There are 2 protein chains.
Amino acid sequence: MENKISKLRELMKKNFIDTYIITKFDPHQSEYADEYFNSVKFISGFTGSNAIVVITMEKECLWTDGRYTLQASEQLKNTNFEIFNISNSETEDFKEFIFNNTKNNGTVGFDGKTVSFNEINKLKTLIQKKNIKLKSDIDLINEIWENRPPISSGKFIKHDTNFCGETLLDKLKCVRIKMKNYRANMYIISSLDDIAWLLNIRSIKKNSSFSFYCYTIITNTDCIIFIDENNDNKDILNELKNQNIIIKPYSSIENYLNNLNLDTNHTILIDSNKTNYTLYNLISKSQLIFLPYDITSSLKSIKNTTEIKNIKIANIKYAIALIKTIKYIKESINDFKMTELDVEEILINNAKKDENYLCQSFNTISAYNENGAIIHYDVHQNIPKTLKPEGLLLLDSGANYLEGTTDITRTISLGNVTQEMKDCYTLVLKSHIALSQVKFLKSTTGSNLDAIARYNLWQYGLDYKHGTSHGIGFCLNVHEGPQRIAFKANDTELEVGMLLSNEPGVYLKDKFGIRLENSILIKDYMKTESGTFLQFETVSYIPFDRDMLNLNLLDKKEIEWLNNYHKITFELLSPYLSSEEKDWLYIQTKQL
Amino acid sequence: MENKISKLRELMKKNFIDTYIITKFDPHQSEYADEYFNSVKFISGFTGSNAIVVITMEKECLWTDGRYTLQASEQLKNTNFEIFNISNSETEDFKEFIFNNTKNNGTVGFDGKTVSFNEINKLKTLIQKKNIKLKSDIDLINEIWENRPPISSGKFIKHDTNFCGETLLDKLKCVRIKMKNYRANMYIISSLDDIAWLLNIRSIKKNSSFSFYCYTIITNTDCIIFIDENNDNKDILNELKNQNIIIKPYSSIENYLNNLNLDTNHTILIDSNKTNYTLYNLISKSQLIFLPYDITSSLKSIKNTTEIKNIKIANIKYAIALIKTIKYIKESINDFKMTELDVEEILINNAKKDENYLCQSFNTISAYNENGAIIHYDVHQNIPKTLKPEGLLLLDSGANYLEGTTDITRTISLGNVTQEMKDCYTLVLKSHIALSQVKFLKSTTGSNLDAIARYNLWQYGLDYKHGTSHGIGFCLNVHEGPQRIAFKANDTELEVGMLLSNEPGVYLKDKFGIRLENSILIKDYMKTESGTFLQFETVSYIPFDRDMLNLNLLDKKEIEWLNNYHKITFELLSPYLSSEEKDWLYIQTKQL
C-alpha cells in the first residue's frame, strides 16, 4: 500500500494537486460498481461497501460508516490510514477535512466521474472561502493501477414482455409524458437499473447485478443510448436499432453533449443523486431541473399487472427452494458437518434447478448464532462457522428469476433454543405481522409507517438498527427506491403496485440475531368519506418456525394471521413438493 | 369594501406600486395577532385565521386554506374578491399570482413588518426574472384605516418561580450557552411567547393570548428588551431593570440596529420563521445563522420539575370544573333550555372560581351533533344550537392557570346515541389509548409516532384531518412548538419533559364529530442494549363516557387501561368534590 501511496503523491506533485479524493463509485453512482471502479480497495486494501479516501502530502484518511469501522481498523492496521466514522458528527467529514488540510489557493483533484455533483457542490461552497480550486478531470489511480480489471459487460438477455408486461416504446411514451409536465426538452438518465428497466434488457454478471454500463438521453423525438457494442450484446442492440433507438459508444457522451452547444434554451432533467460531476459540468450551461430521483425510478417502482402475476410466481419458486433447504438442514444437522457457507451452496443448488433462475439477487447472509447479530455479516469475508444442533441460523437470501426478484429471511431453530431466543423470535414475528396487517391512508409515507412494526419491540426495550423495509426491483436491484419504510423522514408516498420487504429484527450482540422477512405488495383497501385506504398483500410464503413461538406473547388476531398464513403456504407450495416434503410442510403449517 | 379598495389603488398609483400585499400577521408572526394588525379583515371583511390578500390595479384576490373557503365565499359574496385555496396545488399561490400579474420592471409593495423574510425571499427568487422590485417600507393600509384599533398591551403579571421554576437570569444563562455553541455574539428574539417565557412575565388580554409586543436582543453581556412602558407594566419593568435588563422603546429597535453598523464580524442568530422582512433587512449585512426555531423554543418545550408538578395541579383544577359542567349538562338537559354557548359560560364560571385561574387558553369549541363535524367550529361566529336530550356534544376547551395551560376535549352523550356514534367513539378511544401507551426509542419524531394513533381508525376507513398532537405551553400558548405528532415530516425528536396533547378524532359530515383529548408528558421508560426508550404519562383525568362504549371493540389491555385511568380519576378528583358530585363520579369511573 505504502508504495502505491508514494507513487500517487509523486503524481499529485507533478500535477500540482495538494489533495486527492478517491471513491469506489462508478460514473452512475450504482450500489454495486464493477471491480474496475474500486479505487478505494486498490489504494487502501479496505473492502467495505461504503468508503471514501482523501490523500494529502501528509495524511491518508478513510471515511466509512459504523458497520465497517471494526473491519477497517483490521484491514488497515499495517498502514498509516486514519479511519473516520461518517456517522460521528463530532469528527470532521471528508469535506471539512479537505477544507482544513488544503492550503489557501491550493488544488483538490479527483476523477469527476466517480463523484456525484451533489457532493462536489457542497464541497465547493465550503472551500471557496480559502480559494481552493477543483481539478476534476484527472484519474491518477489509473496511472498507477497495473492490471486494472476490465469493465465487464456481461451477457445480455432480453426481458420479454411476457415477463415485464410493457414494451420499451410504451415505457418511453410514459417517460415523455412526465418530461412534458416539466416542460423539459431533454432527459439524461445515468441510473443503470433504470436504463435496464427502460430497455427491457438484463446483463448477467458475476456480482449478481443486472446492470450494464450505459447512459440514456431522451428527447421529444429521439432515444440515444451510449453503450459499447460487443459479441455478447450485438443481437439485442440490433433489435433496439430496429425500434429506432440510436446507439453510440459509451464514452462518446462527453463529445456528444459538448457538440450540442447547450444554453438556457435547453431544459434538461437529471437525477441530482445519480449524475456525476463531469457529466454535470457538460450540461451546466443549460436550464437544469434537478429531480429528487429519476422519472423512470418512480415509474418502475409501480409494478404492472404482468409483473405482479410474475412476482407471485417467483416467490413460489424461491419458497420451494428455501423449504427444501430448511428441511434438509433441520433433518441432517445431527448427521453431517455443515458450515454457514454450505447452507448457501445447498440453497443455490435448489434454486438454480428452475429454468428461469438467473442468479442470486444479493450475497446470501448465512449467519449462525452470534454471527446473526452482525447485521451485514458476510460469510465470504469470514471463516464460515460450523453449525451445531443448537441455536439459531439466520438465512437472508433471494434469487433473480425472469419472473422477478425475491428477498426472504427466515431464522431457523437448529435445536436447544433458549427462552430468550423464543421470546425475541415471537416479538419479531409480532412486528412482522403488525406491518403486514396495517391499513393506511393514501399519502402515508414510509417514515409514518415504520413505528407500526417497531412498537411491539420498543415495548420490551428492543429495536433494530436498520430500516423496516426497502423497495424491491423486478428482476433487477434488490434495493430499489424511491419508496422505503424507515425511521428517517422520507416524503415518498406509498402507492398501489409498489413492492417492498417487511423485515423487522432483533440483534443481541455476541448472542444471536433474528430477522423475519417477506415481500409485500401494496394494493387497495377501501374508499370512504375519509379518503382512500391501502393495505399490504404478502407474496412470500415460507412457514415460520413453530419451535420458536412463545404463544403467550401472541394475541388472538396474530394467531389467526399466522394460521391463515400457514394454510395458504401449504396450499400454494404442496403441489410442487415430493410426498415426503409435503408431509414435512404439513406439520410445519398445522393450525395452532 | 369597494371604497377602501379604490382608496388603496389611488395610494398605490401615487406611490408607483403595481401590486400590494396585505397580511394579518403582526411583526412577530404570532398565531394570534392584535386586531390592529388585521388588515385583511379591514380591507376584505374576511375573518378566518389564515389569509393573505393581493391587490393589483385590476384584481383583488384572497388566499385561505380548506377550512375557510366556504366562510370566505360567504363573507366576500358582495365583493369582487377572487378566492384561492392555498392547499390546491393546481391554482396559483400568491407568489405565482404576483409574478404573473405584475408587469416587467414593476413594483410590489408591502409593510415588511407584516411578512416573514422567508416568504419574501421565496418571492424575490421568483420575481427577479421579470426584474420586479420590492418596496417593503410602506403601510398603505394605515393611511386609509380610520379609527384603527390601538395595539393593546394588557395588564402585566409576574410569573413567580414557585410556578415556573426558573429565574430569568438562569434562563439567560442557558440561552447564552447555546449561543456559544453557534459561536454567535448576538441573538434576536422576535417570538412573543418565547419572550414572555424568558422574562417570566404574562400579560392578560382579551384574546386569551399572554403575549405583549416586545423584541429581545441578547449578547454575551447584555439583554435588551424593546417594549413600550405604561402604567400597567411599569412596576414589573422596573424589576427587570433591577436585574440589569436594558429597556428601550418598542419601535426604537430599527434605529438601534441601524446604529450598530453591523458587518460580517457580527454573527447573529435569528429564527427563520419568526423574523419579519424589515428586521431582516436591518441585519442582513452581518453573518446570519438561521435557526429552524428559536433557542428559547426548544428550552421552553422541556418542562422543568416545578412546571411538571404545577401542570398536574392545573389539570386537576380544570378537570374539576369540567366534571361539574358535564354532570350539570347531563342532569339538566331535560329540564332547561341550553345552547352551545351556554355550555361555555357554565364551564368558564366553574373554572374561574379558582384563585389562580387567569383566562381560557383558547376559544372553547362547544359543538352539538353535526356542528361537531366542523373541526374548527366557532360558536361565536354562528347562531348557537340548542341542545336536546339526544346525540353528542363535542367540548374542546382549556384554561390558563398560574400553574399552567390545559387543553382537554370530551365528547358527551346527551342521550339516544346511535350505534355508529358508539362505534366511532370507541375507535377514537382505542386510538387515544394506543398513543398514550406506546413506548418509543429516543430519537423518534412526531411523524414517526402519528400512525400509532391512526391505524386503529384506518382499519375501519376512518381518519381525521388534523394532527394527533401539538405541544402545549406552560401558562402560555396552547399551541407551542417545535414538537408535534402529525402526519407531515418533522425532524424534532421527542424528548423527556415535553408536554403534548393526545387528540385523535372522527368527523362524519352533517352527522357528528368525536374527539377525545388529554395532555401527555414525556418521561423515561428504560435503557437497554438497544438504546434509551421513552413513554408518555397522561396528566388529564376526566372520565370517558361509559354510555358511548362498544366493549366488543376493546381488547383486554385497552379495558385494563381504561379501568386504571378511571381508578386514578376518582382517587385524584374525589377529594375536591361535593358528596353528590363524588357519587356521580363514582358511577362514571366504576370498573368495567
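Predicted model: local features only at pLDDT ≥ 70, side-chain atom pairs only at ≥ 80, totals over all residues.
**Domains of chain A**

- Chain A is divided into domain 1, covering residues 2-144, domain 2, covering 155-299, and domain 3, covering 302-588.
- The centres of domain 1 of chain A and domain 2 of chain A, taken over C-alpha atoms, are separated by 29 Å, and the contact between these two domains takes 13 residues from domain 1 of chain A and 15 residues from domain 2 of chain A.
- On the side of domain 1 of chain A that touches domain 2 of chain A, five residues are nonpolar, seven are polar and one is charged.

**Nonpolar core**

- The largest nonpolar core holds 324 residues, and those that touch the most other members are Val53(A), Tyr187(A), Ile452(A), Val53(B), Tyr187(B) and Ile452(B).
- Once its neighbours within four places in sequence are left aside, Val53(A) is in contact with Ile22(A), Val40(A), Ile43(A), Ser44(A), Cys61(A) and Leu62(A).

**Ala351(B)**

- Ala351(B) lies in helix α15 of chain B, which spans residues 340-351.
- Ala351(B) counts as buried because 24 other C-beta atoms lie within 10 Å, the threshold for that class being 20 or more.
- Leaving aside neighbours within four places in sequence, the contacts of Ala351(B) are Tyr318(B), Ala321(B), Tyr357(B) and Ala399(B).
- Thr79(B) is 272 residues away from Ala351(B) along the chain, and the C-alpha atoms of these two residues are separated by 42 Å.

**Contact between the chains**

- The contact takes 28 residues from chain B and 28 residues from chain A.
- On the side of chain B that touches chain A, at least two residues each come from β21 (439-441), α17 (446-458), β27 (518-528) and β28 (531-538) of chain B, and α17(B) gives the most, with eight residues.
- By class, that side of chain B is made up of 14 nonpolar, eight polar and six charged residues.
- Of the interface residues of chain B, 100% are also interface residues in chain A, so the copies meet through the same surface.

Terms used. Residues numbered from 1 in each chain as written. Chains lettered and ligands numbered in written order. Domains from an automatic or database assignment. Contact = placed C-beta atoms within 7 Å. Nonpolar A, V, L, I, M, F, W, Y, C, P; charged D, E, K, R; others polar. Core = buried A, V, L, I, M, F, W, Y, C linked by C-beta atoms within 7 Å. Buried ≥ 20, exposed ≤ 12 C-beta atoms within 10 Å, placed from the backbone. Helix = DSSP H or I, 4+ residues; strand = E, 2+ residues; numbered from the N terminus.
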